[in-house]
Amino acid sequence: MTLFDELLAANAGYLADRTPDDSPAAPSRRLAVVTCMDARLDVLGALGLELGQAHVLRNAGGIVTSDVLRSLAISQRALGTNSIAIIQHTLCGMSGFDDAAFRSELASTGELPDWDVPGFDDVHHSVRQSVERVRSSSWLPERGLVAGFVFDVRTGEITRAD
């Protein structure tokens with residue numbers, strides 16, 4: 001059985017316990033969370049949220065990129081969110097990440113990406129930069145309720161970082 005077969009089998013079990021969901025796509029807490037794709041982060045659990053209460057946008061590092069701003073614009077303008085939490089974390093793979101070396105590696109394939117892979121040395125500074133990027137984006141009508149946090153992957157504690 002392949003990994004994908006295992007996923008489909010797990011979905012069959014999930015369906016057995018699930019009732020049809022007709023709730024709206026808009027998150028009930030009107031919250032969007034930008035965070036890292038790191039598999040150690042249980043964002044909903046750590047924040048006391050349930051499915052349907054927040055949009056969760058994940059990428060490498062939880063860094064606010066152009067694509068994240070695109071998703072936040074849709075989240076706010078089409079689906080009514082008005083608060084944004086940016087959560088990066090300790091022991092992140094993007095800490096000390098060498099963008100130039102990675103782009104060089106990708107260039108060896110014959111195609112250069114049209115995106116950057118920014119790393120960081122200080123997670124608190126990176127969070128503050130992402131918060132500022134959100135606050136300065138004219139695409140977002142709701143920029144006043146933005147907060148930055150750091151998730152400690154060892155303890156699960158979340159602290160303010162903005």
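**View 1. The buried residues of helix α3.** In this predicted model, Val68, Leu69, Ser71, Leu72, Ala73, Ser75 and Gln76 are the buried residues of α3 (buried is under 20% relative accessible area, exposed over 50% and partly exposed in between, with a 1.4 Å probe and protein chains only). Their cover includes β1 (31-36), β2, β3 (83-89) and α5 (123-135). Helices here are DSSP runs of H or I with at least four residues, strands are runs of E with at least two, and both are numbered from the N terminus. As for the sources, residues are numbered from 1 along each chain as its sequence is written, and side-chain values use heavy atoms, with hydrogens and water left out. Because this is a predicted model, local features need pLDDT of at least 70 and side-chain atom pairs count only at pLDDT 80 or more, while totals for chains, interfaces and linings use all residues.

**View 2. The length and end of α3.** With 14 residues at 1.5 Å a residue, α3 should span 20 Å, and the 19 Å between its end C-alpha atoms agrees (the expected span is 1.5 Å times one less than the number of residues).

View 3. Arginine 70 pairs with aspartate 67, their closest N and O atoms being 2.9 Å apart (a salt bridge needs a side-chain nitrogen of Lys or Arg within 4 Å of a carboxyl oxygen of Asp or Glu). Both residues lie in α3, 3 residues apart, about one turn of the helix. Arginine 70 is partly exposed at 45% relative accessibility, and aspartate 67 is partly exposed at 45%.

**View 4. Two further salt bridges.** The count comes to 3 salt bridges. Arginine 103 meets aspartate 116 with the closest N and O atoms 3.6 Å apart. Arginine 103 sits in α4 (residues 99-107) and aspartate 116 in the loop between α4 and α5, so the pair ties together parts 13 residues apart in sequence. Arginine 40 and aspartate 38 also form a salt bridge, at 2.7 Å from N to O; aspartate 38 is buried at 15%, whereas arginine 40 is partly exposed at 45%.

**View 5. The lining of the largest pocket.** Of the 19 residues lining the largest pocket, Asn59, Thr65, Asp67, Asp116 and Pro118 lie nearest its centre (on a 1 Å grid over the protein atoms alone, a pocket is an open set of points where a 1.4 Å probe fits, with protein on both sides within 12 Å along at least five of seven lines; lining residues have an atom within 4 Å of a point). Helix α3 gives the most to this lining, with 4 residues.

Key
Contact means heavy atoms within 4.5 Å.
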